Amino acid sequence: MSNATLDGAPIALEDAYQHAARILACAKFPVVAGLGSDAAGVRAAILLAERLRGAYDHLACDDIFADLDVTRSFGMFVTTPNEARVRSDVVLLIGPGLTQHWPALFERLALDRPAYFNKDAPRKLIWLGPKRNEAKIEGIDIETLAATPQNLPFVLGALRARVGGRPINLDGATAKKVESCAQALKAARFGAVVWAAAALDGLTVEMLQGLVTELNATTRFTGTPIGARSGASGAVQVSGWMTGFPPRTGFGRGYPEHDPWRFDARRLVDSGEADAALWISAYDGEAPSWTREDLPLITLAPKGAGAKRGLYIEVGRPGETHDAVELAQETSSFVLRRATAPADTPSVADVIREIGARFSEDVPC
Amino acid sequence: MKPLLFALRREPEQRLDLSKLTPDRLVGRTVKEIEAIEIGTTKVEARVGEIFKVRSGDPANLHFEGGSERFDLLGAKLLPGFSIYVEGDVGAQLGRNALGGRITVAGDAGPYAASGMSGGHIDIDGDCGDFLGAPLPGEIAGMAGGRIVVRGGVGQRAGDRLRRGIILIEGDAGPDLGSRAIAGTIIALGAVEGRVGYLNKRASLILAQAVDFGPTYVDCGAHNFAFARLFSRALVEDSRRAARLLSQKLRRYAGDTAVYGKGEILTPA
């Protein structure tokens with residue numbers, strides 16, 4: 001069974017669905033935001049946005065676009081983690097907090113062992129800009145290239161310049177270190193870079209992919225990106241096959257229009273252009289980042305994340321209370337995750353289906 | 001003949017797509033026909049007549065009396081020989097893909113101004129949002145010609161993927177000025193911050209105030225550039241301060257060496 005509250009006070013589930021349907025159907029330009037759900041939930045949310053002629057946005061879009069903007073305006077070398085695991089003799093890790101963004105990183109890429117197709121030599125690991133003590137892992141030898149999050153883009157640029165044999169404005173120990181790392185990358189037979197979109201911005205990722213492109217002139221090098229939180233990579237795929245665009249797409253004129261600036265949910269809400277919001281965060285009950293308080297709001301979040309303001313409908317966690325299809329970081333493909341603790345709490349898709357059944361585009365509100 | 005006038009009745013409730021209101025698309029239309037043009041972007045209808053009071057005049061010269069941060073795509077695909085004057089602010093993508101003509105904004109402009117512009121002259125009295133002259137997400141190249149003059153400051157990544165043309169900023173520039181610039185010229189007379197000219201291929205950035213350009217810009221010394229002096233004369237009409245900056249002895253930093261190293265940053269020696 002599910003719980004629902006209205007401004008913190010309990011409300012019957014049927015009343016909650018009715019109320020939600022009224023809020024969304026009466027809005028001039030509603031936004032379906034958050035989108036933190038499995039494939040079925042995202043699919044239902046996008047269909048709802050289309051029916052409402054509103055917009056949709058994912059909560060981790062800023063991180064999504066760090067990678068996606070490079071893919072679509074520069075190009076990107078990527079491979080699956082399994083390919084990197086069995087082939088890479090050199091692994092370049094970029095940025096702080098990689099194991100926070102993907103706790104199974106070292107285990108899945110088997111970084112403590114030689115690559116399957118390169119058994120004779122140990123894997124060489126270089127970590128650019130780890131956090132303090134982050135690269136000190138027992139039993140694994142990691143060469144570090146120090147950088148703060150602020151100067152990481154510059155050190156990366158210097159590394160790329162040296163890989164290409166171009167001059168840099170550095171001297172002393174740092175220059176030597178950059179030089180030796182550049183030589184190590186060039187000596188790779190099959191290299192892989194690992195980075196998390198959440199820790200870098202688009203320009204840095206473009207610099208990184210430029211480095212990979214240059215290395216590919218003489219050897220093989222590719223990338224293993226760590227996707228953003230709350231099912232972001234899956235949401236991008238679902239959005240792509242449904243509308244042809246990633247999130248931050250609107251249906252205001254009846255057809256999908258993609259504009260990452262215009263359909264940024266935070267901007268839409270704070271500027272007053274959106275007049276109602278459906279917020280979905282089924283994985284971890286994250287709160288929306290906008291500041292406006294007087295907006296009619298419906299929150300779909302798991303137990304314990306109850307919203308104090310507006311309408312709240314409890315949903316189950318994908319892969320925990322119900323079976324879920326989501327894009328898995330470990331295989332870079334959609335997988336079915338069996339429920340670990342099955343419960344009859346409705347999924348995001350269930351709740352959206354119920355709300356959708358209670359309004360009609362043909363009947364004015 | 002007086003210009004064709006659009007007087008704003010009240011602040012619009014939704015973002016407006018003004019790409020339909022460029023001179024070449026209004027020639028030969030009556031006021032009544034113009035008033036019936038749909039410019040809304042949501043399911044709520046918004047016709048020109050509800051938003052503006054239209055007064056007939058020469059459609060080659062448009063005059064917007066009153067502006068709004070929600071006026072998107074104003075002057076999109078503008079053609080040579082036409083002009084638009086806005087007494088107020090404008091929204092995103094001002095002069096998008098403009099091929100020529102002149103746009104003057106007596107207020108602020110939103111993000112992606114002059115995006116994809118390949119000719120024409122844009123003058124903005126106030127500040128400008130992020131991504132001035134930049135390509136839209138998913139596009140390969142940014143502004144490909146023409147001239148844009150901003151009297152105030154600009155947001156982040158102005159001149160991103162600039163391909164040709166001149167961007168002149170009299171105020172301060174936000175982070176990452178001239179990022180990924182392919183070619184063209186960016187002149188900034190105020191302060192700059194962040195990664196200046198990051199991933200710059202062949203563009204020239206002329207800055208009144210130097211900052212640390214990072215390890216991929218190499219100092220080439222101070223020189224008297226003959227071309228800078230010539231260029232300075234071409235800028236007098238738009239900005240005397242910019243012309244003065246370019247007539248000085250300049251220090252040249254070559255970069256971004258991470259890419260080709262064929263671009264440059266020039267600062268007063």
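A residue counts as buried if 20 or more other C-beta atoms lie within 10 Å of its own, as exposed if 12 or fewer do, and as partly exposed in between, with C-beta atoms placed from the backbone.

Before we go on, a word on the model. It is a predicted one, in which local features need pLDDT of at least 70 and side-chain atom pairs count only at pLDDT 80 or more, while totals for chains, interfaces and linings use all residues. Residues are numbered from 1 along each chain as its sequence is written, and chains are lettered from A and ligands numbered from 1 in the order in which they are written.

Let's start with chain A, which has 12 helices and 16 strands; these are DSSP runs numbered from the N terminus, helices being H or I of at least four residues and strands E of at least two. Its radius of gyration is 23 Å, close to the 21 Å from the globule rule for 365 residues, so chain A is as compact as a globular protein of that length. That radius is taken over C-alpha atoms, and the rule is 2.2 Å times the number of residues to the power 0.38.

Within chain A you can find an open sheet of 5 strands with parallel pairing, in the order E7-E6-E5-E8-E9. Strand E7 (142-145) and strand E9 (220-226) of chain A are its edges, each pairing on one side only. Two strands pair if DSSP finds at least two bridges between them; strand E8 (residues 190-196) of chain A and E9(A) pair in the parallel sense over 7 bridges. Along that pairing, A:Phe190 stands opposite A:Arg220 in E9(A).

Now for the interior. A nonpolar core is a set of buried Ala, Val, Leu, Ile, Met, Phe, Trp, Tyr and Cys residues joined through C-beta atoms within 7 Å. The largest has 121 residues, of which A:Leu24, A:Ala45, A:Leu128, A:Ala277 and A:Val348 touch the most other members. Domain 1 (4-60 + 230-356) and domain 2 (65-226) of chain A both give residues to this core, so it lies between them; the bounds come from an automatic or database domain assignment. Apart from this core lies another, of 74 residues, including B:Val86 and B:Leu162.

Chain B, finally, comes to 5 helices and 15 strands, and its C-alpha atoms fill a box of roughly 65 × 35 × 25 Å along the principal axes.
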